[in-house]
Amino acid sequence: MLENLYTAPKTIERHRSAPLPEERLAYLRHHAEAGARPSTLRGVAGDQITLIGLLDLRQGDRVTAAQVKDAVGQSGRGPAKRRNLLGCSVRWLRFAGMLEEEVMVEEAPRHAHMEEVGIYEAWMRDERGWSENTIGDYLFTANRFFDRLDERGVSLASVGFEDIDRQVACWHARGCRRITVRSYANALRAFFRFAENRNWCAQGLSGSIMPPGFRPDEPIPKGLEREEVVRLLATTEGDRPVDVRDRAILMLLVAYGLRAGEVAGLRLEDFDWMNETLDVRCPKVGRTHRYPLSRGVGQVILRYLRELRPPRPERTIFFALQAPIRPLSALAVTGLVGRRLRRLGITGKSCGPHALRHGAAQHMLDHGLSLKEVGDYLGHRSISATAGYAKVQLGALREVADIDLEGLA
C-alpha cells in the first residue's frame with residue numbers, strides 16, 4: 001500500500017515504522033476502496049502520523065474528541081488545516097475503534113407533552129408510512145405549538161378553540177405567505193385529529209381549524225419554461241462524466257416530474273428493459289408508481305450505467321463521482337440541479353428539482369390532461385395537490401404516455 005503512494009525509501013520506512021501500522025493501513029485501504037485518489041491518501045497518511053506525534057498514541061490507547069481537538073489546536077497549523085486535521089483524525093480514530101465516545105447528557109423535555117408527540121411520531125412512521133420530511137414538518141409544528149402552550153401554562157386536555165386560533169393568528173401576524181399558514185394549519189389539524197381519536201383533548205377541535213384557501217390572484221407554481229428546460233439540458237451535452245450522469249438525472253426529472261428523493265432512491269431492478277417500464281418508490285406517500293420508460297430517457301440511463309456507474313455492491317443507480325464514492329442523496333440531487341440553473345442565470349423561481357416537477361405538470365396540463373391524470377402521474381393523493389397547476393388554459397386531451405420529450409432527449 002505504502003509503495004503505491006510514495007517513491008522515496010525513507011518516507012516509506014518512516015510510515016512503516018510509525019506506531020499503529022495496522023490501524024493506519026486499514027483506514028487507508030478503506031479510503032482507497034471508496035475511490036480516493038493517491039494524493040488524498042497521502043494527505044490522510046500524513047495526518048495520521050501528525051496525530052500520533054501530537055497525542056503519543058500507542059496500541060490500545062483510547063482518546064476523546066475533546067482531547068483530539070486540544071492536541072490539534074497546538075499543532076501550529078492555520079485554521080483551515082486545523083479543521084482538516086481534526087476531521088480526518090476523528091474519523092480515523094472512530095474507524096479504528098480508538099475514539100472514546102463521550103456520553104451525552106440527556107436533554108430535558110422541551111415541553112410537557114413529549115410523550116404524546118412521540119406516540120404521534122411512531123404512528124406517522126409505522127402506521128401511515130409517511131416520508132421523513134413530512135414527519136419532520138409535522139413534528140416541528142406540534143412541538144412549536146406545545147412550546148407556546150407551556151409558556152401560558154395550558155395543557156393539551158384543556159386546549160380550546162381560542163388557543164388554536166391564537167397560534168394560527170401568530171403566523172398571519174408574522175407576515176407569512178398564505179401557503180405557509182395553510183401548511184401550518186393543516187399540520188396542526190392532523191395532530192388534533194389524531195389526539196381526538198385517543199381522547200387526549202376535547203372533541204371537535206380539528207374541525208375548527210380552517211386552513212386559508214388560495215386566492216385567484218395568487219401566483220401559479222413557478223416551474224421552468226420549456227425554453228429554460230432546453231437550456232438546462234444543453235449544459236449536460238458532452239462526454240464529461242459529470243455531464244453524462246447529470247443528464248440522466250435531469251431527464252428523469254423532466255420526463256416524469258420525480259422528486260429528488262425518488263431519483264436518489266432508484267435501484268437497478270426498478271428498470272424493466274424488456275417491458276420498457278420504470279418503477280418509482282414514492283417515500284412521501286408510501287406507494288410505488290409504474291411509468292412507461294421513454295426511449296430518450298432509457299438511452300441516457302443506459303449510457304450512464306455502461307460508462308460510469310461504479311462496480312459497487314449497492315443496487316443504487318446514481319453515485320458520487322469523487323471519493324468517497326457513495327450513493328447520491330436527495331440533497332445532492334437538489335444541489336446539482338440548483339448549481340446548473342444558477343449558472344444559467346435563471347432566477348425568480350425555485351432552483352431545484354421541484355421547478356422541473358412544476359414544469360412537467362404544466363406541460364401535461366397544456367397538452368390537455370385532466371387534473372386527475374396529472375395528479376396520478378405525479379403521485380398526488382388528492383386533486384387539491386394538483387389544483388395549483390390549473391391556472392393555464394388547457395389544450396386537447398391525450399394520454400400521458402403519448403407525451404414525448406419533444407426533442408429534448
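Val280 stands opposite His289 in strand β3, in a predicted model where local features need pLDDT of at least 70, side-chain atom pairs count only at pLDDT 80 or more, and totals for chains, interfaces and linings use all residues. Residues are numbered from 1 along each chain as its sequence is written, and side-chain values use heavy atoms, with hydrogens and water left out.

## The sheet

β2 and β3 (residues 287-292) pair in the antiparallel sense over six bridges, where two strands are taken to pair if DSSP finds at least two bridges between them. Strands here are DSSP runs of E with at least two residues, and helices are runs of H or I with at least four, numbered from the N terminus. On its other pairing, β2 joins strand β1 (residues 271-272), again in the antiparallel sense, over two bridges. The result is an open sheet of three strands in the order β1-β2-β3 with antiparallel pairing, in which β1 and β3 are the edge strands, each pairing on one side only. Strands of a sheet pair through backbone hydrogen bonds, either parallel or antiparallel.

Thr277 of β2 is the bridge partner of Asp272, and the bridge partner of Thr277 in β3 is Pro292. Five of the six residues of β2 are buried, so β2 is largely enclosed by the rest of the structure; buried means under 20% relative accessible area, exposed over 50%, and partly exposed in between, with a 1.4 Å probe and protein chains only.

The hairpin of β1 and β2 has four residues between the strands, and within it Glu276 takes a positive phi near 55 degrees, although Glu276 is not a glycine. Leu20, likewise not a glycine, has a positive phi of about 60 degrees and is found in the loop between α2 (9-17) and α3 (21-33).

| Residue | Relative accessible area | Class |
|---|---|---|
| Leu20 | 3% | buried |
| Asp147 | 14% | buried |
| Ser208 | 26% | partly exposed |
| Glu276 | 47% | partly exposed |

## The nonpolar cores

A nonpolar core is a set of buried Ala, Val, Leu, Ile, Met, Phe, Trp, Tyr and Cys residues joined through side-chain atoms within 4.5 Å. The largest such core has 41 residues, of which Leu252, Tyr256, Phe318 and Leu356 touch the most other members. At least two residues of this core come from each of α12 (226-234), α13 (241-256), α14 (260-264), β2 (277-282), α15 (295-307), α16 (330-343) and α17 (353-366), and α13 gives the most, with ten residues. When residues up to four places away in sequence are not counted, Leu356 touches Leu224, Val229, Leu232, Leu250, Leu253, Val254 and Val337, a contact being heavy atoms within 4.5 Å. A second, separate core of 30 residues includes Met124, Val154, Leu156 and Tyr184.

Leaving aside neighbours within four places in sequence, Asp147 is in contact with Arg110 and His111. Just after α8, Gly153 takes a positive phi of about 70 degrees.

Ser208 lies in helix α11 (residues 205-208), and its side chain reaches the backbone oxygen of Leu205 at 2.6 Å. Ser208 and Phe161 are 47 residues apart in sequence, yet 7.1 Å apart in space, C-alpha to C-alpha.

## The protein overall

There are 18 helices and three strands in the protein, and 43% of its 409 residues count as buried. Of the contacts with a separation of 6 or more, 63% are accounted for by residues 24 or more positions apart. The accessible surface comes to about 22200 Å², of which 51% belongs to carbon and sulfur atoms, the areas being computed by the Shrake-Rupley method with a 1.4 Å probe and, for residues, with only the protein chains shown counting as cover.

Conventions: Polar contact = N/O pair within 3.5 Å; in protein donor to acceptor, adjacent residues only side chain to side chain.
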